[in-house]
Amino acid sequence: MTEVNTPEKVEFSPETLKKAQEIIARYPEGRQKSALLPILHLAQNEWNWLSAPVMDYVAGLLSIQPIEVYEVATFYTMFQIEPVGKYVLEVCRTGPCCLRGAENIIDYLEDKLGTKVGGTTSDGMFTLKTVECLAACGFAPVLQVRLKKEDGNYIYYENLTPEKIDNLIATEWV
Ligand code: FES
């Protein structure tokens with residue numbers, strides 16, 4: 001599967017470690033846990049998903065217990081705690097998006113990708129998920145994707161149609 005690994009020895013790259021240390025330094029001694037969310041985002045960007053060794057490494061960096069990391073990583077849907085594809089397509093399934101055809105978009109993606117919600121395509125390119133309101137209801141239906149080239153930021157794709165999906169798969173998510 002693409003960009004998925006569970007290295008025996010987990011360590012941030014020097015550039016990522018520098019960013020992590022800058023973030024941790026924003027908080028007083030003994031309050032490093034406050035940096036947990038941004039550090040988890042850095043970790044996910046580095047390894048694509050948060051394996052147990054990765055979460056243990058984050059706990060060590062922040063001088064907290066691994067369980068404190070697991071609790072947070074398993075609570076937020078944006079953190080991937082199982083291997084995922086290169087692109088994780090997170091389709092909003094809340095009311096306004098449903099009224100504007102989100103269920104059709106989900107069905108279309110399942111057919112097009114050949115995988116159900118929660119699954120990953122056999123080539124490791126796409127994981128399909130559903131999420132709650134992405135706060136872009138005026139542009140429904142909406143999905144978000146975390147793109148490496150955008151340094152881990154999420155990009156929203158709005159007013160989705162099957163034609164837009166076809167175009168994105170052919171030209172943008174490659
Ligand atoms: S309901 Fe989909 S973005 Fe709010």
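This is a predicted model: local features need pLDDT of at least 70, side-chain atom pairs count only at pLDDT 80 or more; totals for chains, interfaces and linings use all residues.
Colleague: Where does helix 2 sit, and what is its span?
Modeller: Helix 2 covers residues 36–47, which is twelve residues. From first C-alpha to last it reaches 16 Å, close to the 16 Å expected at 1.5 Å a residue.

Colleague: Which of its residues are buried?
Modeller: In helix 2, L36, I39, L40, L42, A43, Q44, N45 and W47 are buried.

Colleague: Which residues make the contact?
Modeller: Helix 1 brings T16, K19, A20, I23 and I24. Helix 2 brings P38, I39, L42 and E46. I39 and L42 are also among the buried residues of helix 2.

Colleague: How many of the contact residues are nonpolar, polar or charged?
Modeller: Six are nonpolar, one is polar and two are charged.

Colleague: New topic. How many aromatic pairs are there?
Modeller: The count comes to eight aromatic pairs. One of them is Y76 with F79, an edge-to-face pair. Their rings are 6.4 Å centre to centre, with 85° between the planes.

Colleague: Is Y76 buried or partly exposed?
Modeller: Y76 is partly exposed, with a relative accessible area of 33%.

Colleague: What about F126 and W173?
Modeller: F126 and W173 also form an edge-to-face pair. The distance is 6.3 Å centre to centre, and the planes are 65° apart.

Colleague: Where do F126 and W173 lie?
Modeller: F126 lies in strand 2 (residues 126–131), and W173 in the segment after helix 7 (162–171). So the pair ties together parts that are 47 residues apart in sequence.

Colleague: Are those two buried or exposed?
Modeller: F126 counts as buried, at 6% relative accessibility. W173 is buried too, with a relative accessible area of 1%.

Colleague: Which residues do ring pairs link into a cluster?
Modeller: Ring pairs link Y87, F126, Y157 and W173 into a cluster.

Conventions. Residues are numbered from 1 along each chain as its sequence is written. Side-chain values use heavy atoms; hydrogens and water are left out. Helices (H or I, at least four residues) and strands (E, at least two) are DSSP runs, numbered from the N terminus. The expected span of a helix is 1.5 Å times one less than its number of residues. Buried means under 20% relative accessible area, exposed over 50%, partly exposed in between (1.4 Å probe, protein chains only). Rings of Phe, Tyr and Trp (its six-membered ring) pair if their centres lie within 6.5 Å; planes under 30 degrees apart count as stacked, over 60 as edge-to-face and the rest as tilted. Contact means heavy atoms within 4.5 Å. Ala, Val, Leu, Ile, Met, Phe, Trp, Tyr, Cys and Pro count as nonpolar, Asp, Glu, Lys and Arg as charged, and the others, Gly among them, as polar.
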